[in-house]
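Biologist: I have not seen this structure before. Please put it on the screen, and then I shall ask about how its parts meet.

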Amino acid sequence: MAVTDFRRQFAPRPPRQRSIPRGVYAIAVALLVWFVAWRMFNGVWTLPLQSAEVTPLHLWLNEVNAWVRDNRDSNVLFVLVFDSIRIGVGAVAALFAQLFVQTDVGLQLPEIGWLGVVALVTWVAAAVGNYRVAILTAVGFTAFGVLGVFTEAMWTFALTLTAVLFSVAIGLPLGIWAGVNKRVNGILTPILDFMQTLPSFVYLAPLALLFLIGPASAVIATIIYAVPPIIRLTAHGIRSVPATIAEAADSLGVSKRQRLMTVLLPLARNSMVVGLNQTVMAALAMVTIAALIAGPGLGQLVVQALQSLNVGRAFVAGFAIVVMAIVLDRVTTAASRRAELSARHSTPLRRRRRIIALGAGLLVVAAAVYLSRSVLAAARFPAEAAVGEALGARINDVSAGFQNTFSVFTASLKDGFTIRVINPFQGLLTATPFLVVMLVILVIAVTVGGIRAAVISTICLLLIIAVGLWEDAMITLASTLIATVITMALALAVGVIMGRSDRVDRWLRPGLDAAQTMPAFVYLVPFLGLFGPSRFTAIVAAIIYAAPVAIKIIAEGIAHVSAEAVEAAQSTGASPWQTISKVQIPLAASSITLAANQGLIYVLSMVVVGGLVGGGALGYAVVAGFSQNALFGKGLAAGVAIVLLGIMLDRITQAAVARRRRIVPVTRRVRDVTAPLPVTH
Amino acid sequence: MARTPLRRRYIAGVASVAAILLLATGCSSSLNTAAPAASGSAAKPCGTVNVAMNDWTGYTADAAVFSYVAEKKLGCTVKQSSINEQVAWQGFANGTVDVIIENWGHDDLAKTYIADQKVAVDAGPTGNVGQIGWYLPPWLAAAHPELLDWNNLNKYASQFATSESGAQGQLLDGDPSFVTNDAALVANLKLNFKVIYSGSETALIQAFRTAEKNKTWLIGYFYEPQWFISEVALKKVKLPAYTAGCDTDAAKVACDYPDYTLNKVMSAKLDKSGSPAAALVKKFNWTNDDQNLVAKYIATDKMSPEAAAQKWVDANATKVDAWLK
Amino acid sequence: MSATTLTPTASATSDTAVDFAVRNLWKVFGADAQRIASDPSFTGHSAAEILEETGCVTAVRDISFDVAHGEVFVVMGLSGSGKSTLVRCLTRLIEPTSGQVMLEGQDIMKLGAKELREVRRRRVSMVFQHFGLLPFRNVLDNIAFGLEIRGIGTAARYERAREVIDLVGLHGYEERFPDQLSGGMQQRVGLARALASDPDVLLFDEPFSALDPLIRRDMQAEVIRLHRDMGKTMVFITHDLSEALKLGDRILIMRNGELVQIGTGDELVGAPADDYVADFVSDVDRTQVLTLRWVVAPVPEGLPTDGPGLPATTVIVDAIPTVLGSTVPVRVFDGDTLIGVVDRDAILREIMGVKPAAVRHGGASRAGARAGRVG
């Protein structure tokens, strides 16, 4: 790469900036052609496929699935490979489960009781982090008991832990390899993209087929989803070691191994810890979803509560998930800070004091464990102290009241928006001949992202046609784009305010964290009550999920606009609004484009959830494929189509981000790779 | 090297945690082992029964009552695992599932696992009859009884229109796990309706609940037994009668759905084991009303499945005794 | 200032040991690198033309020079002239495209990875513009790093590191971390790290350009002192002419990857090879750099032989008292040979900066510089 970078640095820059960029004309013409074609050829060449219809490709996929099913237990290779993986993963999961959740014998209490669990995790939080996160951990884990979901929460915790353990074991070596080897990185990146954007509904059933239902396959599904961040960020950390430092080490004659161990890994550690943090969060999200293949834990509570439309119970379980997410996030973050600081500021005295404190803590843990094994109240969380049921009932009342009050108003809102916005836009995409739509998308891709983005878009669109789901893909694309536009409008408004005020930031952030980690299933029921099953409901769910990320990125971008530029504007007498619109937003442009990119990907990851509440199209096809044998192939194809849409939108916006960055020099690297990753459902 | 003490400290830390845990767990006898194995008495050895938990509430009701009886009366250890139907059938082959307590048809799966692989056996009907069809909220059925005949649907098509269906009437389909011929049916009966896929049972129920409460027009795909029927008594629309073979070609379907005799399926392993649980599976039998009642306890009254099962078992001792004979 | 006597020629004299001998070195970045370096048809083209034709960047272009043992050899050029690439080619931190690099008679280009590491570990150390310190190691561990990777035990390497720490004036800073130090102190750590392995040759890549002027002066003095005390061969990259003149026994001037001139400071100032060099040196205080050799006039008829005399290597500014104090032109000797005289007018001309055109474009000197490109 050094070679091309060098060349680029020396290559003459073509002059840019005319009064109106050529691209604007191109897009305008393309849009005009599109509109005319829509009016003229309405409904011609639109490649439709009915919900229950399948293509030969889908049928062939069904046959593959059936073949696997029939040969799962007879094929030696299958049995050998899959069973050994399953047994290995299952053994680790069982170990944690026995420690934290329940043993198989007697009263089925966890080996170290609830008090022992709380004491132990608190001690670990103190050891790797600091006393603040230790207190948070103690409160959080006790809260699981108070909410009446201790056993389920511990299942979730045990499975998350197992999945993280394996993800690290797999991800670190791969990440290091990708970090030092460009080609490996090139091969891994698209695979990781695929793993992260393929809706889990698509592979949950086949996984259950291969690895049987239960904790082991839940963990394996989780690993698939959780391993990419740690690979990516390890590789990223190694690649971003400053060239000057690596070169200095080379000049001293380090061997490859020494270079890795003494220079690259220590310098990449921060990035690796961020990767670990994201892997933990992704694992937690996925363990919840793995409830669908009998992964035990909080996810099961949510899913069961939904069957009976019990919003309250779902919310209590969802809240427990949020609490666990916050605890895990804060502890891993504190651990990374601590690792960084301890080398610096530790003196022998401080070190000794800390060791004594931790040693004393360990004795407390031992006492708690002993107590848990001899007193029932310390072993099983006392049911009398649990308020989960009562809380759930209250929430049910509130939810019902809320729906009663607003449903008339919301219904008309939904109708108006659907008829004025969704239907025309969707019509434009679905009722125009597909060649015209492709052409328009290509013109936009070239203009916004460049040739490379356009080529990738073409390939993606052709593949979507190949898997037979053009019309569904266009419906999904329409909803996705609408949701993204609203998300961005919301994110701009809130993000700017947040970026300008630390206080607002502090107030809003926990809410944003919660909106991001609360499983979408939890708030779908009230929404269904308000809007009914419709594309609008799906769009609203997607916005709720995607907006926090976009808001955070924009807030960060605004907050990091150089203070000098803002001061300069104010010194010339700019009003707050002028400062925002003429200084802060233009300077945060690359963050805003990045937010659009992440917003799109997050919205897209909610397509399947949208399918559960009337979003239809690809999301529904995936859900149906998960449930019906006959539609398996179509579901898989729909999942792939979602991935293809994701890759197309991602590459176009990424290219736009890269371009922006070249135009507007940002003083600070935007956290492109470190941005939190979406949860696919 | 400056980092050596740090590393040494980690090792020491991990070692001491492990030591303390071992000490604490090893030296004190756990409540687990101190406690009796299970309450209740069991004359015959029962062992562990793995019950697949499909995700609709009616199923939960069946499974809760079955599990309650098996645990309390037979001393079995019941393990429930929530999975969807397809995955549950796979479980027979690899021994992770012993019982599916309510099965709707699934001829293809039955062929694979009962006839071909012989890992499962049909354990007889549950006594419930499954009816799939098109349903109306009760207020609408009362206000426009003529709608209960499909011939009159077209007249009111525009009343059923929504933002999703445009000018046509909306026929709301739901749970993706249910096979539906509705698109073909609408076309073949020449109805001015459009099938909209709500995507989940939850969405469907919520839609019916809202329609009943707000007195809005709605027609949708539904089925019984279903707990929701006991909360809102949906009325079934009469479609052209089902005759054997009228649904063979899915594209040409123009008749109602058949009634399903719901049955139980259990693993061949359990069947051969001679466990009292196997006998219970075969004898388990009750009515749609029974199931709807327990399901209502769970769904509407927000009782836990165990509590709901206990309440029903206590009130229906004679039925339960018959299963245990 | 210099440990060796220098001849005003481009290459080191044959009787002095040569540490680095570089011949026809090319470094081209890009797909066609090999072709451009080996194809003589490109020799006549400028770097810009090659870039235009092939898309390749020629960073170092057919450069040859020798570095004598104990010499301070400075490579000077503006940014982008290829000087940093050149110095990296010496230990193959950047792999040269073609050419030869000999270190004490050993062909660096032919070394395997392991032997090359040995060279870097023991014989040639480098100091970098941006220090290249490991931020997570304290000063002591940074300095001991090179020894650590050689597998030297903790006690031994700390002992050696402490010696070097005293040498560069970092005493008391052992436990600090790089980001707790000023730039100057950080560069002392970089210098100490390079010295710790006791190499034969030290390479400096613009080590002081990131520092404040005052600190830079201190550091330059430090290097001069170290060179005086230890006598190590040094290759020093800089874009700062005054630094080059201050430190360099000989100076190589590069432009667009090409060698423009090699010579001692007074050769560059006295006989610039072309307008580029002339322009470069135009601001230099000539009296500080030029020796009497450059201002001698022919011996006039009947000059008394008992007047004052000075060696030709005397810098003008040092000659001023003698010349001004003498009523007759001062005789200038190269060894025992009388090569001419210097009078008050000549000295005043130099102080005022009036340069006779003939000197500026001295054809003979220019030929001498070209001769430096040993074939």
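Biologist: How many residue pairs are in polar contact between domain 1 of chain A and domain 2 of chain A?

Modeller: There are two such pairs, with both residues at pLDDT 80 or more. A polar contact is a pair of N or O atoms within 3.5 Å; within protein, one atom must be able to donate a hydrogen and the other to accept it, and residues adjacent in sequence count only if both atoms are side-chain atoms. pLDDT is the predictor's confidence in each residue, from 0 to 100. The model is predicted, with local features needing pLDDT of at least 70 and side-chain atom pairs counting only at pLDDT 80 or more, while totals for chains, interfaces and linings use all residues. Residues are numbered from 1 along each chain as its sequence is written, chains are lettered from A and ligands numbered from 1 in the order in which they are written, and side-chain values use heavy atoms, with hydrogens and water left out.

Biologist: Which helices does domain 1 of chain A bring to that contact?

Modeller: Helices H21 (502–517), H22 (520–531), H28 (617–627) and H29 (632–663) of chain A each give at least two residues to the side that touches domain 2 of chain A. H29(A) gives the most, with eight residues. Helices (H or I, at least four residues) and strands (E, at least two) are DSSP runs, numbered from the N terminus.

Biologist: What classes of residue make up that side?

Modeller: It divides into 16 nonpolar, three polar and two charged residues. Here Ala, Val, Leu, Ile, Met, Phe, Trp, Tyr, Cys and Pro count as nonpolar, Asp, Glu, Lys and Arg as charged, and the others, Gly among them, as polar.

Biologist: Where do the two domains of chain A run, and how far apart are their centres?

Modeller: Domain 1 covers 20–45 + 406–668, and domain 2 covers 75–110 + 148–348. Such bounds come from an automatic or database domain assignment. The C-alpha centres of the two domains of chain A lie 28 Å apart.

Biologist: How much area do they bury between them?

Modeller: About 2,100 Å², with 86% of it on carbon and sulfur atoms. Buried area is the accessible area (1.4 Å probe) that two parts lose on being put together, summed over both. On the domain 1 side of chain A, Phe521(A), Phe626(A) and Val643(A) lose the most, together 29% of what that side buries.

Biologist: How many salt bridges join those domains?

Modeller: Two are counted between domain 1 and domain 2 of chain A. A salt bridge is a side-chain nitrogen of Lys or Arg within 4 Å of a carboxyl oxygen of Asp or Glu. Asp193(A) and Arg651(A) also meet in a salt bridge, at 2.6 Å from N to O.

Biologist: Let us turn to the two chains. How many residues of each are in contact?

Modeller: Contact, meaning heavy atoms within 4.5 Å, involves 62 residues of chain B and 73 residues of chain A. The chains bury about 5,600 Å² between them, 56% of it on carbon and sulfur atoms.

Biologist: Which side chains form the salt bridge there?

Modeller: Arg535(A) and Glu164(B) do, at 2.7 Å from N to O. H8(B) supplies the largest share of the chain B side, ten residues. By class, that side has 26 nonpolar, 27 polar and nine charged residues.

Biologist: And within chain B, how is the chain divided?

Modeller: Domain 1 of chain B is 41–129 + 260–324, and domain 2 is 130–252. The contact takes 15 residues from domain 1 and 14 residues from domain 2 of chain B. These domains bury about 1,300 Å² between them, 59% of it on carbon and sulfur atoms. Trp56(B), Trp104(B) and Asn292(B) supply 37% of the area that domain 1 of chain B buries there, more than any other three residues. The salt bridge count between them is zero.

Biologist: Where is confidence lowest in chain A, and where highest?

Modeller: Helix H1 (residues 2–10) of chain A is lowest, at a mean of 39, and helix H7 (residues 150–180) of chain A is highest, at 91. Chain A averages a pLDDT of 80, and 90% of the residues score at least 70. The value stays under 50 over residues 1–19 of chain A and over residues 663–681 of chain A. Where pLDDT is low, the predicted coordinates should not be read in detail.
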